[in-house]
Amino acid sequence: MAVKKQFSSFQELLAQTAKPVLVDFYATWCGPCQLMVPILEEVSQQIGDRVQVVKIDSDKYPHLASQYRVEALPTLVLFKNGEPVDRIEGVRQAPQLIQHLQSLI
């Protein structure tokens, strides 16, 4: 289950977790982004002990979306040791997403 947390910066969020961080860049108006909500819940339930799932509204944090070159929504970016190591654009079904992530974490 997703948990809302406050951080003073995105870098602080990345630095404060030993696990890889899967960031979902989304927008509230984006239909495909809404499809990702239950998919990411399933990912979190299945492999949440090995990866932290974070959602970032690209409309509220456009500087982050720009910094990580998010041009399509939804975009998932996997960070390890504070650095982006993989990106997935568009909707993926939970089993495929989990299998893909397990090969990286």
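Visitor: In what sense do strand S3 and S4 pair, and over how many bridges?

Guide: Strand S3 (residues 75-80) and S4 pair in the antiparallel sense over 6 bridges. Two strands count as paired if DSSP finds at least two bridges between them, so 6 bridges qualify. Strands themselves are DSSP runs (E, at least two residues), and helices are runs of H or I with at least four, numbered from the N terminus. Within this pair, Thr75 stands opposite Glu89 in S4.

Visitor: What kind of model is this?

Guide: This is a predicted model, where local features need pLDDT of at least 70, side-chain atom pairs count only at pLDDT 80 or more, and totals for chains, interfaces and linings use all residues. Residues are numbered from 1 along each chain as its sequence is written, and side-chain values use heavy atoms, leaving out hydrogens and water.

Visitor: What makes S2 and strand S4 edge strands?

Guide: The open sheet has 4 strands in the order S2-S1-S3-S4, with mixed pairing. S2 and strand S4 (83-89) each pair on one side only, and that makes them the edge strands.

Visitor: Why is Gln52 called buried?

Guide: Buried means under 20% relative accessible area, with exposed over 50% and partly exposed in between (1.4 Å probe, protein chains only). Gln52 has 17%, so Gln52 is buried. You will find Gln52 in strand S2 (residues 52-57).
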